[in-house]
Amino acid sequence: MKQKIEQIATEDLSFDYQNPRIAEFGISNRTTEQEIIQILWNVMGVEEIVLSIRASGFFEHEPLLAVEEDGRLIVIEGNRRLAAVKCILNREIADYIGINKNQLSVSPEIKDSLKSLPVILVEERRDAWKFIGFKHINGPAKWGSYAKAQYISQIKNEYDIPLEEIASQIGDTHKTVQKLYQGLQVIEQAEQLGKFSRTDISANRLYFSHLYTGLTYEGFKDYLGIKDISEDTKNPVPEEKWDHLEELLTWLFGSRKKEVDAVILSQNPDLRRLDAVIRNKEAIYALRDGVSLIQAYELSQPKNETFEQSMLEAKRALQKAQSFQTEGFDGKDVAMLKLAATVAQMADELYDTMEKKWKSLQDNGSAKKRLFSEE
């Protein structure tokens, strides 16, 4: 990679449509520069960079990286900084992205200095992958998991570099590179099969970490039939598991077309719960029938553990109610008093049933002891 830093006119620098961080939002070479700036501003903290430039100017020791493609200079590293500068130089963009123009005000001296920017030109993209990979996959300025996976896929498939070498070059010692790549292969296979679409998910963005983290669990691997399949395999899910693939991605991400919400609300503990569910046939059928994830999870657990957990939760709830009864119950609300009576009755009935079962076991134990003593 060339290390010579050149000053290049800002107006001659273009955004990178292949940048994984931007590509996550479905842009193409038909997306306008204004649309890209709007995405970067709204989602990726360009305002912070504007504030930094306003205070200190553009840091010359952090040049952009660019490559010439199709007669244009494409910035392959530094798109957020480029967006900040283009906003400052053209304050009319404020109307498009919906902000106050005063947010883009800088001193005349700083504005004049931004008309050209320090840039390192590389001959081709692959010359910069080690630096960009370290910085954004395992380094100080990490991308989101989906952007990471896309970039890893680009390095492997376009530059023909093995996953192990990518991991080694960027200092990854936890097989994160392999996990991210496998997750992306699963998504892309599902899309090719028509089993999934990133535009159909119920949320406004793809929480890709749910999938690639889930694929580290044994239940997920078994459900998709990829337990013994190498992480760098394209189209890893076997044909007999394609229906499971569609089903699992719907549970993870939801589907607007099917009017189904994702069952994963937070990665912890919902991923662990889903992993337990897809190991248990009864729980799977329940989830398919529309019960909640927590209810399906309870079905997947040993009944004695579910019973004990329910008892402990009931105890905690009663302790909480008791702590608030002084101020929470004024003695006038008859409905509340009846509710307490119902709770007390249920508790009495539960205790009576448990006590009878306990005494029955004690009696049986005594009878067995007498029988053995007679022998």
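Hi everyone, let me start with helix H10, residues 176-192: twelve of its 17 residues are buried, so H10 is largely enclosed by the rest of the structure. Buried here means under 20% relative accessible area, with exposed over 50% and partly exposed in between, using a 1.4 Å probe and protein chains only. Before going on, a word on the model: it is predicted, so local features need pLDDT of at least 70 and side-chain atom pairs count only at pLDDT 80 or more, while totals for chains, interfaces and linings use all residues. Residues are numbered from 1 along each chain as its sequence is written, and side-chain values use heavy atoms, leaving out hydrogens and water.

Helices (H or I, at least four residues) and strands (E, at least two) are DSSP runs, numbered from the N terminus.

Back to H10. Among its buried residues are Val 177, Leu 180, Tyr 181, Leu 184 and Ile 187, along with Gln 178, Gln 182, Gln 185 and Gln 189. What do the buried residues of H10 pack against? The partners are helices H8 (145-159), H9 (163-170), H11 (208-214), H12 (218-224) and H13 (242-253), where contact means heavy atoms within 4.5 Å.

For the geometry check, the expected span of a helix is 1.5 Å times one less than its number of residues. For H10 that should give 24 Å, and the end C-alpha atoms are 24 Å apart, which agrees. Just after H10, Gly 194 takes a positive phi of about 75°.

Now to the sheet. Five strands form an open sheet in the order E1-E5-E3-E4-E2, with mixed pairing. Strands E1 (5-9) and E2 (13-14) are the edges, each pairing on one side only. Two strands pair if DSSP finds at least two bridges between them.

Let's walk across. E1 runs antiparallel to E5 (residues 116-122), joined by five bridges, and Gln 7 has Pro 118 in E5 as its bridge partner.

Two helices pack on this sheet. H4 (residues 79-89) touches E2, E3 (64-69), E4 (72-77) and E5, and its direction makes about 120° with that of E4. H7 (residues 129-138) touches E3 and E4, at about 45° to the direction of E4. Axes are lines fitted to C-alpha atoms, for helices over the stretch in contact, and angles run from 0 to 180 degrees between N-to-C directions.

Further along, E3 and E5 pair in the parallel sense over four bridges, with Leu 65 partnered by Ile 120 in E5. E3 and E4 run antiparallel, joined by five bridges, and Ala 66 stands opposite Val 75 in E4. Their hairpin has two residues between the strands, and there Asp 70 takes a positive phi near 55°.
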